[in-house]
Amino acid sequence: MVVSVNRRRFLTATASATAVCASGVSFAQSAPKPLPVPRLIDASSPENSTVDLALQAAVHDFGTGAQSETFGIGQNYLGPVVRVHSGNVVPFRISNGIDEATTLHWHGLHIPGDVDGGPHQEIAPGDVWRPEVPINQPASTNWFHAHTHGRTARQTYKGMAGIMLVEDENSLAADLPKTYGVDDFTLVLQDKSFDAAGRLAYEMSGETLENGFQGESLVVNGALAPVFQGVPKGLVRLRLLNACNARFLKVSLNDNQPFHVIASDGGFLAATETVSEISMSPGERYEILVDMAQLEALDLLVAFSSGDGGGNFLSWLFGGSSRKIALTLHQDASRSGVLAAIPHRLANLDPADARGVRKRRSFALNMAEGGELAALAANWGNVCGGAGMGINGRPMNMNHINFSARLGEAEIWKITSGEQVHPFHIHGCSFRILRQEGSAPPAYSSGWKDMVAVGEGVSEVLVRFDHPATEEFPYMYHCHILEHEDCGMMGQFTTVA
Ligand code: C2O
Ligand code: CU
Ligand code: CU
């Protein structure tokens with residue numbers, strides 16, 4: 001769509017009143033919805049009762065005025081926020097109330113393969129899965145989502161996802177906002193496509209396979225441009241998750257106000273990074289602080305950046321669409337919040353040190369050309385089958401273990417791809433990025449991560465696995481563009497002593 005600058009300004013200014021599809025179709029949007037604040041399940045005490053997660057089919061209005069068919073976890077769209085404490089074992093009871101097999105994977109948790117919830121742990125319709133999940137890692141914002149081989153993209157898009165907060169002594173003692181739903185919010189950012197009637201749409205095509213599914217609208221916790229009334233006068237903590245199937249997002253504030261990044265995927269940064277924009281690949285999390293002490297209102301802005309722009313990191317970092325209002329926060333001057341200064345030091349985190357690491361592995365992400373992908377899309381069953389996409393020339397094969405890593409031993413993984421940028425993810429660990437597309441990563445991604453966006457340049461991560469993963473329940477490594485994952489850009493490995 002070609003838009004003039006004025007038209008674009010107009011769209012930005014009225015983003016909360018009307019949503020416009022790239023196709024030119026527009027649907028009436030009701031008045032901005034309040035920000036959905038999912039139910040908090042506090043499972044952080046040592047003697048937790050079982051956490052019940054009921055996977056269900058439902059309908060949900062994203063703010064288009066129409067009811068869309070969705071999936072939810074104990075609610076109509078997405079799931080609750082589950083809070084756990086490091087050092088505890090948390091019993092879950094996951095019941096599959098939808099009429100297809102699914103799984104629930106704990107993205108970001110350092111846990112053994114047999115409770116990881118990957119594609120080997122399908123829950124049949126009507127069945128129940130009861131993993132006892134041992135939490136042993138620094139405080140961090142993690143998530144859970146469907147991971148059914150060949151169906152991850154559709155199931156997650158329809159809403160099979162939620163947030164898991166890990167807390168520890170350090171995070172609970174820190175002078176940071178931590179009252180959930182008051183000054184500490186979880187924000188699930190997703191792009192969606194709606195038809196002319198305002199119903200959720202998803203279409204499989206060659207292009208969908210090639211770029212991953214890309215919607216035109218952005219929803220936060222399942223609502224279009226929602227508003228939150230009444231944050232206290234003080235610091236507010238926003239825990240951001242890019243849960244898009246394929247969209248790379250650029251996040252900023254109105255008037256390019258600076259904000260403060262305090263944590264990445266795997267926990268606190270060594271020190272606060274003050275920036276005016278961050279890039280988020282699908283699967284990534286960042287925690288940011290915004291200062292609402294002097295502001296009546298604040299807009300969180302999001303721009304799409306497709307990741308396919310000419311094959312280099314800079315073009316997805318700086319290219320892309322205009323910014324849209326994702327969320328507006330209004331301050332309530334009568335409520336006083338955390339008025340502490342922005343913390344400087346956050347965690348004891350040495351720079352990544354790869355000296356002495358001997359074990360190296362290389363991963364080249366590969367994908368077929370346009371015409372072949374169109375043919376695969378036309379015959380889309382659950383998986384691409386054949387050789388649509390793969391890693392090191394092999395598509396994911398549920399019956400083939402690609403390699404085995406040594407428990408407790410550091411390794412350097414080098415990951416490259418073709419022209420397109422792919423968000424690479426590894427199960428069962430957090431890693432440090434040594435190089436991203438040939439350079440040092442931005443300071444805000446130099447802490448603990450489980451996602452790294454890779455392209456043609458050399459990207460390397462320093463990784464170590466501390467938990468067992470067997471042939472029966474191996475760990476996955478894959479592209480987090482969910483259509484690529486479903487199409488075979490994934491592999492699996494075990495860890496052995
Ligand atoms: Cu977020 Cu293997 O997944
Ligand atoms: Cu994962
Ligand atoms: Cu990919």
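User: Which residues are the protein donors of the copper ion (ligand 3)?
Analyst: This is a predicted model. In it, the copper ion (ligand 3) has His 422 (ND1), Cys 479 (SG) and His 484 (ND1) as protein donors, at 1.9 to 2.1 Å.

User: How are those donor residues spaced in sequence?
Analyst: The spacing is H-x56-C-x4-H. His 422 sits in strand β30 (residues 422-426) and Cys 479 in strand β34 (residues 475-479), so this pair ties together parts 57 residues apart in sequence.

User: Are His 422 and Cys 479 buried or exposed?
Analyst: Both are buried.

User: What about β30 as a whole, buried or exposed?
Analyst: Five of its five residues are buried, so β30 is largely enclosed by the rest of the structure.

User: Which way do the β30 residues point?
Analyst: His 422, Phe 424 and Ile 426 point one way, while Pro 423 and His 425 point the other way. In a regular strand, side chains alternate between the two faces of the sheet.

User: Which strand does β30 pair with over four bridges?
Analyst: That is β32 (residues 451-454), in the antiparallel sense. Pro 423 has Ala 453 as its bridge partner there. β30 also runs antiparallel to β34, with three bridges joining them. On that side, Ile 426 is bridged to Tyr 477.

User: Switching to aromatics. How many aromatic pairs are there?
Analyst: The count comes to 24. Take Phe 363 and Phe 403: their ring centres are 5.8 Å apart and their planes are at 55°, so the pair is tilted. Phe 363 is in strand β26 (residues 359-367) and Phe 403 in strand β28 (residues 403-406), 40 residues apart. Phe 363 and Phe 403 are both buried.

User: And Trp 413 with Phe 493, what sort of aromatic pair is that?
Analyst: Edge-to-face, at 5.6 Å centre to centre with 75° between the planes. Trp 413 lies in strand β29 (residues 411-416) and Phe 493 in strand β35 (residues 490-496), so this pair links parts of the chain 80 residues apart.

User: Why does Trp 413 count as buried?
Analyst: Because its relative accessibility is 0%. Phe 493 also counts as buried, at 0%.

User: Which residues form one aromatic cluster with Trp 413?
Analyst: Phe 363, Phe 403, Phe 424, Phe 465, Tyr 475, Tyr 477 and Phe 493.

User: Last one. Which ring does Arg 247 lie over?
Analyst: The face of Phe 304, at 4.1 Å from the ring centre. Arg 432 lies over the face of Trp 448, at 5.3 Å from the ring centre.

How values were computed:
Residues are numbered from 1 along each chain as its sequence is written. Chains are lettered from A and ligands numbered from 1 in the order in which they are written. This is a predicted model: local features need pLDDT of at least 70, side-chain atom pairs count only at pLDDT 80 or more; totals for chains, interfaces and linings use all residues. Side-chain values use heavy atoms; hydrogens and water are left out. Donors are N, O and S atoms within 2.8 Å of the metal (3.2 Å for Na, K and Ca); water is not among the atoms, so sites may look incomplete. Helices (H or I, at least four residues) and strands (E, at least two) are DSSP runs, numbered from the N terminus. Buried means under 20% relative accessible area, exposed over 50%, partly exposed in between (1.4 Å probe, protein chains only). Two strands pair if DSSP finds at least two bridges between them. Rings of Phe, Tyr and Trp (its six-membered ring) pair if their centres lie within 6.5 Å; planes under 30 degrees apart count as stacked, over 60 as edge-to-face and the rest as tilted. A charge sits over a ring if NZ of Lys or CZ of Arg is within 6 Å of the ring centre and within 35 degrees of the ring normal.
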